[in-house]
Amino acid sequence: MSFYSTRGGACVTASQAVLWGLAKDGGLYVPSMFPQLNQEKIAGFCQMSYQQVAERVLRAFLEDYSGAEIEQAVHAAYSVPAFDDPAIAPVKRLDGNIHVLELFHGPTLAFKDIALKLLPYLVRLGAEKNEEHREVSILVATSGDTGKAALEGFRDVPGTSCTVFYPDHGVSEMQRLQMVTTEGSNTRVIGVRGNFDDAQSGVKQLFSDPAFHAKMDAQGKLPSSANSINFGRLVPQVVYYFTTYAAMVNSGAVRMGQPLNFVVPTGNFGDILAGYYAKRMGLPVGRLICASNRNNVLSDFFTDGIYYTHRTFFQTMSPSMDILISSNLERLLYESAERDGRLVKSWMDLLKDCGSFSIGAQRLAGLQKTFSAGFADDQMTAEEIRRVFEHTGYLMDPHTAVASHVLGKYRADTGDHTPAVIVATASPYKFAEDVLTSLLGKAAAEGLTAFDCADRLSAHTGVPIPSQIKALKTLPVRHTQVCEKDQMEQALFAPAE
Ligand SMILES: *Cc1c(COP(=O)(O)O)cnc(C)c1O
C-alpha cells in the first residue's frame with residue numbers, strides 16, 4: 001500500500017510516511033486504500049490479546065515493515081508495568097448500555113501513550129529501511145499530553161532527539177511538571193508565550209520551510225513529527241476501536257455485527273479519525289460523536305459545513321482540546337472530497353488566507369451520515385463530573401466528562417440509545433484541582449497545591465493517586481527555557497539551558 005498527500009502530491013511507502021511525518025506540499029499522508037477486515041476476522045479478535053489485534057491492524061497498513069518487526073515493536077511497546085493494566089485499553093461498564101474505554105493506563109496517564117509508546121520503534125525501523133543516517137529530530141507542539149508522551153517515548157532512543165514546544169500558560173500544573181522534569185540526554189522542553197495554535201503553527205511553519213530543513217541537514221539532523229499529523233500516530237489508535245468492539249461482544253453488550261456508537265473528546269481530530277478509519281475497514285461502528293469544549297469549532301463544522309477559526313480562543317479545564325485549527329480534519333476532508341487533493345488544497349488555502357472555508361450542503365450531508373457533534377463548556381463539564389460520580393461512583397477527567405455530557409445531549413435529542421462507548425482519554429489526577437472543585441466547589445481547593453488537591457480528591461473519592469503523579473512532587477525541574485511565539489526556530493538552535 002502506498003501513501004498519498006491530502007493535497008494531491010506524493011506517493012511514498014508506509015515507513016517513509018512515518019519517518020517524514022508531513023508531506024512536502026504541506027499535506028498529510030493518507031493510505032491509498034482502507035484494508036478490509038471481514039466479520040470473521042473481527043470475530044477472531046474476541047479471542048486475542050491487545051497485542052495480537054494490534055499486530056493484525058498494523059500489518060494491514062504498514063506493508064514495508066515485516067511481520068516480525070511489527071510483532072517485536074508491539075510487544076515492546078505494550079507491556080506491564082509501563083501500562084498498569086494487562087488489557088492495555090480496558091473497557092468498563094458505566095451505566096445502562098454506556099461503557100467507558102480507558103486509554104490512560106500508560107506511563108503518562110493520557111491516551112497519547114498508546115501511539116507514542118509504539119511510534120519510536122516505527123521511526124527507528126523507518127530510518128533503517130530508508131538508509132537514513134541523520135539523527136531523527138522529533139519536533140512536537142503540545143496542548144499538554146502529547147509532549148510528555150513523546151518525551152517518554154523517545155527518551156534515550158538512539159539516533160533520535162525530541163523537542164517539545166508547549167503554551168507556557170496553557171497546560172495544567174501536573175502536565176507542566178510532567179514535561180519539565182523529563183530526564184534523558186536527548187530531550188528538550190520549551191515554553192512558548194502563546195496558545196497551542198501558536199505552537200502548532202510555529203512547528204508546521206518550520207516543517208514547510210526549505211531553509212530550516214537545510215540548516216538541520218547541515219547539523220546532521222532530519223526533522224520529523226510526533227504530532228498526530230504523523231500517520232504513525234494514527235494507526236496505533238485504530239487498534240483500540242477493534243479491541244473495544246471485541247470486548248463488548250465478549251461481555252454480551254453488543255452482538256457481533258450490531259452497531260456500536262463512540263463519543264470521543266476531540267481536539268486535533270486524531271482519536272476520532274482513527275475510529276472513522278476502523279469503520280471504513282469494516283468495523284460495525286454506528287455513529288461517531290465528536291465532543292468539543294467551549295472551543296467548539298468542530299461541532300459548528302458538523303452542523304453547518306463551515307469551518308470558521310476567526311473566533312475567540314478560550315482556555316478551559318480540558319486544555320488538551322483547546323484547539324481551533326484541528327489538523328487531522330484534513331484527512332476526513334480528503335475522503336469527503338472523494339480524494340481530490342486539489343479541492344482539499346483550495347480549502348486549506350482559504351483557511352490560511354481567510355480563516356474559514358465551506359464544504360457545501362451535499363458533502364456536509366455525507367459526513368452527517370456518520371458524524372454527530374456537540375460541546376460542553378466548563379460549567380457543564382464540572383456538573384457532568386459531579387453527576388457521574390454521584391450517580392455511578394466513576395471519576396472522570398474533564399476531557400472525558402465533555403464526551404459524557406455530549407453523549408447525554410445526543411441521546412436526549414435523537415432518542416438513539418444504541419450501545420455507546422465514551423472514550424476516556426486521561427486520568428482525573430492530571431487535572432486534580434479542576435476535578436476536585438467540580439465535585440466539592442471552588443472553596444475546596446483554595447490555597448492548595450496541585451498535590452494537595454490530588455490528596456484531597458483521593459480521600460474524597462477513594463480512587464488511588466497514580467504513582468507517576470506522586471513521583472512528580474520530588475523530581476527536579478530540568479527544563480526552564482521559554483521563547484516568544486515567533487522565535488521558536490531561534491530557541492531550537494540556541495544551546496540548551
Ligand atoms: C489529545 C487529547 C484529546 C484530543 O485528542 P485528538 O486526537 O487531538 O482529537 C482529548 N483528551 C485528552 C486528555 C488528550 O490528551
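Biologist: How many residues surround the ligand?

Modeller: Keep in mind that this is a predicted model. The closest ones are Lys 112, Asp 145, Gly 267, Asn 268 and Thr 425. The whole count comes to 15 residues.

Biologist: What is the distance from a ligand oxygen to an N or O atom in the side chain of Asp 145?

Modeller: Polar contacts use a cut-off of 3.5 Å. A backbone polar atom of Asn 268 lies 2.7 Å from a ligand oxygen, and one of Gly 270 lies 3.1 Å from a ligand oxygen. For the side chain of Asp 145, the value is 2.5 Å.

Biologist: What share of the ligand's exposed area does the protein bury?

Modeller: Start with the ligand alone, which exposes 390 Å². The space it takes is the largest cavity. The share buried by the protein is 98%.

Biologist: Now the salt bridges: which residue pairs with Glu 152?

Modeller: Searching the whole structure turns up 19 salt bridges. In this one, N and O are 3.0 Å apart. Both partners sit in helix 7, residues 145-154, four residues apart, or about one turn of the helix. The partner of Glu 152 is Lys 148.

Key
Residues are numbered from 1 along each chain as its sequence is written. This is a predicted model: local features need pLDDT of at least 70, side-chain atom pairs count only at pLDDT 80 or more; totals for chains, interfaces and linings use all residues. Side-chain values use heavy atoms; hydrogens and water are left out. A residue is near a molecule or strand if one of its heavy atoms lies within 4 Å of it. A polar contact is a pair of N or O atoms within 3.5 Å; within protein, one must be able to donate a hydrogen and the other to accept it, and residues adjacent in sequence count only if both atoms are side-chain atoms. Accessible areas come from the Shrake-Rupley method with a 1.4 Å probe; for residues, only the protein chains shown count as cover. On a 1 Å grid over the protein atoms alone, a cavity is a set of points where a 1.4 Å probe fits but cannot get out, and a pocket is an open set with protein on both sides within 12 Å along at least five of seven lines; lining residues have an atom within 4 Å of a point. A molecule sits in a cavity or pocket if more than half of its atoms lie within 2 Å of its grid points. A salt bridge is a side-chain nitrogen of Lys or Arg within 4 Å of a carboxyl oxygen of Asp or Glu. Helices (H or I, at least four residues) and strands (E, at least two) are DSSP runs, numbered from the N terminus.
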